[in-house]
Amino acid sequence: MHLSRSKLLAAALSAPLALAAPALAAQDIAGSGIAPGEAQNSAERPIGFVEGVAQGAALAVAMTGTELPAGVSLPADTAERIAAAKFTGKAGETLAIPAPAGSPPIMLFGAAPEAGKAADWRALGGRVAQAMAKENAPIALAGLPDAAAMADAAFGATLGQYRFDRYQSARTMPPAQAITLVGPDASAAEALWRSRHQPLADGVRFARDLVNEPANVIYPESFVERTRAAFRGVPNVTIEVLDEAAMRRLGMGAIAGVGQGSPRGSRLMMITYKGAGGAPIALAGKGITFDTGGISIKPNPGMWEMKGDMSGAAAVTGAVLSLAKSRAPVHAVAAVALAENMPGGNAQRPGDVVRTMSGKTIEIRSTDAEGRLVLSDAIEYTVQQHKPFALVDIATLTGSAVRALGAEYAALFARKDAYADAALAAGEATGEPLWRLPLHPAYAKAIKSDIADIKNSDADPAPGASAGAHFIEYFVPQDLPWVHIDMAAVDRCTGTTPLCPGSARGFGVMLLDEMARNWRPQ
């Protein structure tokens, strides 16, 4: 059929329009839809316990002085070499002992503590794993005094050798032969490791993995999927997830508002571990899987670290994973408040007012003060549905805490001295130290809003960390024992330490595990 030029032109112009619908539908995928990689992290050294050093193993010897430990075969001139090197066995010292030709290396590791302190066998294990990481041989760690020290050293070695290298396409696989803890108490040490230390290490490492993942991999929905996989087969655990539709039905305007600028929907995940009867302890974690600041957008330098703004959520998840895997005799519930804070045409604005599920109203002064918003609804839901006997919330909440405490402490807030003392003791016991900062009536007054119940920012004269704490306190019943931990300063390692070889620290897992086991407020 012959068509005129005008008809041909009309047909050509109409053709792209007919093809537009499938192309637009492809944009429903959040992100590119292409995973950055499929590999797993490179294999690490498994942990074992034996009574004697295996032939061919590189030997690490724990020393608390210059006296050689019994039951460990060392070259005849070892004592002379110790004296010549002025090696004292002080914690942090190392000394290489020449091994017979063709034999794996021998290293002495000092573990003697400062006066009045106990030896840190966890740190020793981490140092051994890091110092001997490139040895293409099994590693035997001997000289530890008892089963508890052996299990502690195994814990340290497990955390000290952690790595996150799954996206390095040209990586070289490091040696992965076993680390064995050697001693006559090997069977008792292994039982202690399996029942207590390994589950705790699993919780810390799971939290680290979540925080280290990029935000195009871990977002609210995938955080939930990873968690379900981690808990699969673990007894006495239930997981409940509220999506945005459920949040809207419940009137959770605070958490829904934070995520409304992102195509990735918000989630509230409740993980319950019931290893005992009675009311649970509640652990609530901020889970902003990426924080641009929203409309109140952050500057670019350092923004990549905002993939870790879900470190509080990772901590409470890892803590309950540890409790459940170790079958701790406790009842605990984790409230994991997940959202992505993005700018966009549908994002909330400074000046908006949102309503929580209890009907309390919040004026949004800054969309970059979003962590306290997701926690407000999470806490109200937890209190209403689970009726806990105590609540601990943890969040990378404020830059104010970073400026006040640097990288050495997380900030602690509590209504009562006894609650603060319990948290401080847990921090000291686990090596995750806290420093108490003040709550004050004047700071509580400063968060009041002229047009709503409270405001989420601009709370002069309240210091930023205290203002954030009072904001969260507003949603916690006055008769409920409560502790708030602002971990913004400590979510990442500053350099390499024996238990943390850079990147995410997994802070809070050990602390919360300890509090869940031992805090029973009066």
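Q: Which residues line the largest cavity?
A: First, the idea: on a 1 Å grid over the protein atoms alone, a cavity is a set of points where a 1.4 Å probe fits but cannot get out, and a lining residue has an atom within 4 Å of a point. Here the lining is Ala 207, Val 211, Ser 311, Ala 314, Ala 315, Met 487, Asp 491, Ala 504, Arg 505, Gly 506, Phe 507 and Val 509. This is a predicted model: local features need pLDDT of at least 70, side-chain atom pairs count only at pLDDT 80 or more, and totals for chains, interfaces and linings use all residues. Residues are numbered from 1 along each chain as its sequence is written, and side-chain values use heavy atoms, with hydrogens and water left out.

Q: How much space lies in the largest cavity?
A: A volume is the space filled by probe spheres set on the points, which are joined across faces, edges and corners. For the largest cavity that comes to about 50 Å³, and a search of the whole structure finds 1 cavity of 30 Å³ or more.

Q: Which helix supplies the largest share of that lining?
A: Helices are DSSP runs (H or I, at least four residues), as are strands (E, at least two), numbered from the N terminus. H9 gives 3 residues, the largest share; H5 (186–212) and H9 (311–325) each supply at least two.

Q: What about the second largest pocket: what volume does it have?
A: A pocket is an open set with protein on both sides within 12 Å along at least five of seven lines. This one has about 610 Å³. Its lining counts 30 residues, with Lys 298, Leu 397, Thr 398, Gly 399 and Ser 400 nearest the centre.
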